[in-house]
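Q: Could you take me through this structure? I would like to begin with how the chains meet.

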Amino acid sequence: MTRSLEIQGLSKRYRLGQAQHDQMLRERLVEMIKRPWGNRKETESIWALRDVSFDADEGEVIGIVGRNGAGKSTLLKILSRITYPTSGKVKVNGRVASLLEVGTGFHDELTGRENIYLNGSILGMRKREVEERFDAIVDFSGVEQFIDTPIKHYSSGMRLRLGFAVAAHLEPDVLIVDEVLAVGDAGFQKKCVQAMEGLRNSGRTVLFVSHNLAAVENLCSRGIWIDSGKIRMDGGAKDVIASYMRSFVGERVSGSDLSGTENRLGSGEIRYTRLEYLSRDGTPCAMTRSGDPLVLRFHYHAERLMRDPSFGFRLFTEMGTLITETGHLLHGIHIPKVGPGDGYIELEIDSLNLVPGQYSFSLWITGQSSRTVYDGDVRTSLEVEVADVYKSGRMLDSRYGLVYFPQRWRVTRT
Amino acid sequence: MIRELWAYRELVYFLAWRDVKVRYKQTVLGVLWAVIQPFFTMVIFTLLFGQLAKIPTDGIPGPIFYFSALVPWIYFSSTVTNAGMSLVANSGLLTKIYFPRIILPAAAALSGLVDFLISSVLLVGFIFYYKTPLGWNLLLWPVLVVLLMLLALSLGAFFAALNVKYRDIKYALPFFIQLLLFATPIIYPASMIPERFQWLLALNPLSAVVEAFRYVVVPNRTVDWNVLGISVAITGVLFVAGVAYFRSTEKAMADLV
């Protein structure tokens, strides 16, 4: 077996504030005149990666997991040569293709056909190669009817399919993929997974970052867990994911402070101050997983005695689709008076039947009529982690929609 | 670096092709736009500077005098602007995929060439209309085009790299270009500048190029080969310096943009 990737002591330091692109040449010149020999002012810096080393062999499919900000994306960017390491070495044998985004460089005004050529060329394909694979790309994308239509008329799904179709026909030795499987419908997802399996079977090396732990587990033979810029664990995909999941337990991220939330509506006589996530026995919840029971405790503060307040919330997807709106009045429960002072009300959910992902709450408190708003559009987010909700060993992930029903299959033998 | 650029030559072509295609698709007038802009500028210059201000044109018909300089000038100014903005405008590409970054300003320099060629065709029309005889100096034209491209690319690449780092470049750039319009013999002939200030004109590499573009289409004009030589030398220095500065900032670009 041949080494396709050798990474040694990779570190990357970012200067804080550097990425904000806010320096003025005018200021820099003034600074140079004032202190021509002085050092530039020392800025604070953070290490996004610290001494990361690993090798990869041909045909290995490696899943990289870790929390947001752990350094996964920085690692992929260095391997793709987009950014450069502060120290350390990367050696790649063969041609690298990186897919940090689907459809990079697509232009709205150009047709599907034109974008295939443009995108192919950006991804490093020769014109001749694109020509040879053109029919296969169009076929894979399933947009042949609209291939000569400017893509500004495409739906986001069509764009995505076209973008992935081009990428799937790259023939790199090492493929680097960042979180692109999290999107698209189930049929298309399946095609993507097949394309990646095809790569693996033909001896290509794939590095794959995803929050979708089920996909990582299905696709990858090996897992690397990155935590605070360092490799925390490197081993079989199953083991690494299991350890990674265990790390969430016992952590206290179990609520969000709402007192500082801005852009809220309403008169403010009574306001939400905090939302707590609890398990049934009242202990703080470390993480919210699909299918788990959950108690939401809404803390509020009332300036004065309030009569007939009505509490409730709307729950949205990350894309802003309303999933549900609820409130205690819908259950016929009246609260005659509250306050003045602090208090809370609780909502108990038997089973949180949301698929993993990021959701957003918009909390409200109104009077008896919904026209009297005391507090409104108080935004806070809810992160739902993957879980084995059907107790089958198969993780339910974001490919399966927005919600799932508590359910039982019955199979009758004939 | 050269070998890598050669490997990516198709990307330069595709990005330039995209720019051209999008530019003509987005406007109602499309390709005509490449002609309208220099044509009306020429008309205004002829009326304002020729008829009203009576600035001499060295005995060349006004339209040819202005137009022959406007065609390279418009190419130069739009290329420096577009190349200067190219990295920031394509930040989506810069942060998602690797390619030699110089490709972006290079593609801008290439795509501007299409407009340049279209308006050059119009210039040929004027030459026939005014029955200006053509001479062997026409052979200098392709050399001048290359020189003009290199000059525009050097400054464009320099500003592009600077623009990634400093935010005020995008305000300074139009101002710089406006100043250069007056520092270059476009609305006036180089011969109008007193002898003792001619050296100042020679310091601007663009002035010799623009004057030479006039020389190419008007055979009985003379060109100062020394000044053109200085211009070639300055362009060479600017090119090396511009590309070197660009290369030195290249590694940090994706982190800054």
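**Chain contacts and helix packing**

A: In this predicted model, 25 residues of chain B are in contact with 29 residues of chain A, where contact requires C-beta atoms, placed from the backbone, to lie within 7 Å. Local features need pLDDT of at least 70 and side-chain atom pairs count only at pLDDT 80 or more, whereas totals for chains, interfaces and linings use all residues of the predicted model. Residues are numbered from 1 along each chain as its sequence is written, while chains are lettered from A and ligands numbered from 1 in the order in which they are written.

Q: Which of them gives the most?

A: α2(B) does, with 8 residues.

Q: How do the residues on that side of chain B divide by class?

A: There are 12 nonpolar, 3 polar and 10 charged residues on the side of chain B that touches chain A. Ala, Val, Leu, Ile, Met, Phe, Trp, Tyr, Cys and Pro count as nonpolar, Asp, Glu, Lys and Arg as charged, and the others, Gly among them, as polar.

Q: Staying with α7(B), at what angle does it cross α6(B)?

A: The axes of α7(B) and helix α6 (residues 103-129) of chain B cross at roughly 140° and come within 9 Å. Axes are lines fitted to C-alpha atoms, for helices over the stretch in contact, and angles run from 0 to 180 degrees between N-to-C directions. The two helices are therefore oblique to each other: angles under 35 degrees count as roughly parallel, over 145 as roughly antiparallel, 65 to 115 as roughly perpendicular and the rest as oblique.

Q: Which residues meet there?

A: B:L104, B:P105, B:A106, B:A108 and B:A109 in α6(B) meet residues of α7(B) that include B:M149, B:G156 and B:A160. The contact of α6(B) with α7(B) comprises 10 nonpolar, 1 polar and no charged residues.

Q: Turning to chain A, how do α3(A) and α5(A) pack?

A: Helix α3 (residues 112-122) and helix α5 (residues 156-168) of chain A pack at an angle of about 45°, with axes 10 Å apart. That makes α3(A) oblique to α5(A).

Q: And what domains does chain A have?

A: The domain assignment, which is automatic or from a database, gives domain 1 (3-246) and domain 2 (255-400) of chain A. Their centres, taken over C-alpha atoms, are separated by 36 Å.

Key: Helix = DSSP H or I, 4+ residues; strand = E, 2+ residues; numbered from the N terminus. Contact = placed C-beta atoms within 7 Å.
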